[in-house]
Amino acid sequence: MATSSREQEARDYLEKHRIMELLNYLTSNLLFFQPDKPREYLVSLLERLRLAKITGVAFPFLMDQSNIVAMFEMMDSSNKGTISFVQYKEALNTLGLCTADEVLKDDGHGITLDKFKQEV
């Protein structure tokens, strides 16, 4: 019983401080950019997050247009020019641009590169 309570406390703590979201964000960025010095990259990313929180200034934009296009092309492996709504939502989630409780409306159309660039 004590173990169950401690596990719940740990889960509550992780949820309260959004640690799993942070780790997912850091891991996603690390895998996407694959820097030569991953530890230094992660430290830099955390420092920028801390600075953004302290100053209230939006987090620095980490992706340029070529990164966004490359990400879209990886998801559009059949070169249809669109990705599914599920892929789109997962990409936004992975990049930390959409929270789990945020509701996105699927209009039934594929997501084009232009729409993807606009949203990211």
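Where is the place of R18, in a helix or in a loop? This is a predicted model, and in it R18 lies in the loop between helix 1 (2–16) and helix 2 (19–33).

As a rule, most residues other than glycine have a negative phi. Q34 shows a positive phi too, near 40°, and isn't a glycine either. You'll find Q34 in the loop between helix 2 and helix 3 (38–55). As for how open these two places are, R18 counts as partly exposed because its relative accessibility is 48%, while Q34 is exposed, with a relative accessible area of 59%.

| Residue | Phi | Relative accessibility |
|---|---|---|
| Q34 | near 40° | 59%, exposed |

Now move along to helix 4, which spans residues 65–75. Its buried residues are N67, I68, M71, F72 and M75. They cover an arc of only 135° around the axis, so they sit on the same side of helix 4. The general idea is simple: an α-helix has 3.6 residues a turn, so residues three or four places apart point the same way. Over on the other side of helix 4, E73 and M74 are exposed.

So what covers the buried residues of helix 4? The cover includes helix 2, strand 1 (82–83), helix 5 (85–94), strand 2 (111–112) and helix 6 (113–119).

**Helix 5 from its buried side**

Helix 5 can be read in much the same manner. F85, Y88, A91 and L92 are its buried residues. Their arc around the axis is only 125°, which puts them on the same side of helix 5. These buried residues pack against helix 4, strand 1, strand 2 and helix 6.

**The core**

Which residues have the most contacts inside the largest nonpolar core? That core has 13 residues, and the ones with the most contacts inside it are M71, M75, I83, Y88, I111, F116 and V120. Helix 4 and helix 5 are the elements that give two or more residues to this core.

Leaving aside residues up to four places away in sequence, F116 touches I68, M71, F72, M75, I83, Y88, A91 and I111.

Conventions. Residues numbered from 1 in each chain as written. Predicted model: local features only at pLDDT ≥ 70, side-chain atom pairs only at ≥ 80, totals over all residues. Heavy atoms only, no water. Helix = DSSP H or I, 4+ residues; strand = E, 2+ residues; numbered from the N terminus. Buried < 20%, exposed > 50% of the residue type's maximum accessible area, 1.4 Å probe, protein only. Arc of directions from axis to C-beta. Contact = heavy atoms within 4.5 Å. Core = buried A, V, L, I, M, F, W, Y, C linked by side-chain atoms within 4.5 Å.
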